[in-house]
Amino acid sequence: LQNIVSKHSSQFRGNAQHDALEFLLWLLDRMHEDLGAASPAQQARGSQEVSAPLGSPPAAQHPRGQSFVQSHFQAQYRSSLTCPHCLKQSNTFDPFLCISLPIPLRQTRALNVTMVLQCERWRFVRVGLAVPLLGTVADLREMVAREGCIPPEQVILAEVSPRGFLRSLGDKEELGSAGEAAPLYAFQPPPARRAGCPRSLPASPGVARPEGPRLLPTAARSSDCLHRGPGGRILLLLCHTAGTGPQLARFGPPMVLREERGISWEQLQQSILAQLRALLRGEVRAQGTGALFRIRLAGGSAPCTYLSPQDPHPLCHPAIDRALQLSGAGGPPHVKLTVEWDMSTKERLFGNVQEEAVQDAESVWLQQQAHRQQHSCTLDECFRLYTKEEQV
């Protein structure tokens with residue numbers, strides 16, 4: 001076959017590899033030329049030698065200049081162009097023998113999101129989502145809101161690694177890299193109390209004064225603050241870490257608090273301990289005003305900014321204001337704080353507590369299975385993608 005073809009077309013001579021589609025188009029074109037240029041007598045002889053299927057007209061009955069190649073393979077497609085301003089439409093018709101159809105690729109990827117909800121039964125649940133590859137964080141926020149049955153404006157999205165907070169996600173960011181650097185968490189803020197209601201501090205779960213190291217002497221103080229107003233409430237995202245260097249690891253569940261800006265260090269410490277009451281070993285009672293841990297601003301431009309226990313209003317520091325401005329568009333403004341525990345204090349109060357226990361929803365397995373399977377498509381889907389309207 002290769003020798004016969006090479007006698008009629010120099011492009012197929014030699015032992016080089018050739019494209020199968022190129023050969024098919026050449027073959028159809030030569031058949032069309034030979035059959036279309038044949039005389040009526042030659043066409044009649046050809047129809048007698050090659051018997052046509054029952055009920056179908058022989059190829060020789062085509063008018064001069066036409067062939068069965070045209071009737072079976074050739075068609076034309078209409079290309080419509082509509083002006084978006086005047087809505088004038090122009091149509092062009094182009095013949096074709098073949099169409100190179102695009103294959104639709106998978107448009108989504110599986111992404112697991114751990115939801116921290118204000119619900120005891122579903123406090124920590126990991127859900128699986130099929131997020132669009134070309135979407136934005138705003139699309140993800142809408143999906144998470146539907147899963148948790150909460151308004152989208154109340155969803156806080158952040159990446160939390162085994163060593164602590166990395167960053168918060170803004171609505172305008174692309175979803176391409178979301179959740180790749182660290183697991184993705186979605187926080188639901190606690191409900192806001194009515195204005196004018198006095199804040200009732202939780203009973204202290206009690207903590208003995210630690211013997212560990214004190215806070216850094218360069219800890220931030222609100223006395224340097226340009227905005228000293230203690231009014232208003234603020235959302236705090238907290239995670240707890242223990243150890244130093246390679247041994248640094250997060251323990252316990254991440255949490256979200258809503259506190260007054262004018263809160264004192266002792267009140268803030270007791271509020272944090274109240275959230276960890278279920279993890280404490282036995283009854284421990286706080287004594288004095290000693291600092292049990294250090295509190296560091298996480299995810300900001302100044303990663304080593306610590307709040308000072310000697311500060312009367314530690315949440316009024318200007319670094320807190322900067323963190324609120326950098327929390328990203330989308331979701332309520334918040335501040336990420338890392339509560340750093342001395343290893344000996346952590347083991348004495350909490351024992352061998354690791355990260356939070358997260359329950360996987362059925363959607364996690366379903367999305368993994370759906371995206372692990374090889375993507376398949378039908379010929380009709382290829383045609384729909386080929387004829388899809390697009391903006392020029």
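This is a predicted model: local features need pLDDT of at least 70, side-chain atom pairs count only at pLDDT 80 or more; totals for chains, interfaces and linings use all residues.
View 1. Residues are numbered from 1 along each chain as its sequence is written, and side-chain values use heavy atoms, with hydrogens and water left out. Asp-19 belongs to the loop between helix 1 (2–8) and helix 2 (20–37); helices (H or I, at least four residues) and strands (E, at least two) are DSSP runs numbered from the N terminus. Its side chain reaches the backbone nitrogen of Leu-21 at 3.0 Å, and a polar atom of that side chain also lies 3.0 Å from the backbone nitrogen of Glu-22.

**View 2. Helix 9 (residues 362–372) and its two sides.** Ser-363, Val-364, Gln-367 and His-371 are the buried residues of this helix. Looking down the helix 9 axis, these buried residues fall within an arc of 105 degrees, so they line one face; the arc is taken from the directions between the helix axis and the C-beta atoms. Glu-362, Trp-365 and Arg-372 are exposed on the other side. What do the buried residues of helix 9 pack against? Their partners are strand 3 (108–116), strand 4 (124–132) and strand 12 (359–360), where contact means heavy atoms within 4.5 Å.

**View 3. The ring pair of Tyr-77 and Phe-96.** The whole structure holds eleven aromatic pairs. In this one, the ring centres of Tyr-77 and Phe-96 are 5.6 Å apart and the planes meet at 35 degrees, so the pair is tilted. For reference, rings of Phe, Tyr and Trp (its six-membered ring) pair if their centres lie within 6.5 Å, with planes under 30 degrees apart counted as stacked, over 60 as edge-to-face and the rest as tilted. Tyr-77 sits in strand 1 (residues 75–82) and Phe-96 in strand 2 (residues 89–96), 19 residues apart. Tyr-77 is partly exposed at 33% relative accessible area, whereas Phe-96 is buried at 18%.

**View 4. Phe-251 and Phe-350, another tilted pair.** Their ring centres are 5.6 Å apart and their planes stand at 50 degrees. Phe-251 lies in strand 9 (residues 249–260) and Phe-350 in helix 8 (residues 343–350), so the pair ties together parts 99 residues apart in sequence. Phe-251 is buried at 2% relative accessibility, and Phe-350 is buried at 3%. Ring pairs join both to Trp-265, Phe-293 and Trp-341 in a cluster. The charged end of Lys-346 sits over the Phe-251 ring, 5.2 Å from its centre; this requires NZ of Lys or CZ of Arg within 6 Å of the ring centre and within 35 degrees of the ring normal.

**View 5. The largest nonpolar core, with 30 residues.** Such a core is a set of buried Ala, Val, Leu, Ile, Met, Phe, Trp, Tyr and Cys residues joined through side-chain atoms within 4.5 Å. Leu-236, Phe-293 and Trp-341 touch the most other members. Elements giving two or more residues include strand 8 (233–242), helix 6 (265–275) and strand 11 (335–341). Apart from this core lies another, of 21 residues, among them Leu-111 and Met-143.

Terms used:
Buried means under 20% relative accessible area, exposed over 50%, partly exposed in between (1.4 Å probe, protein chains only). A polar contact is a pair of N or O atoms within 3.5 Å; within protein, one must be able to donate a hydrogen and the other to accept it, and residues adjacent in sequence count only if both atoms are side-chain atoms.
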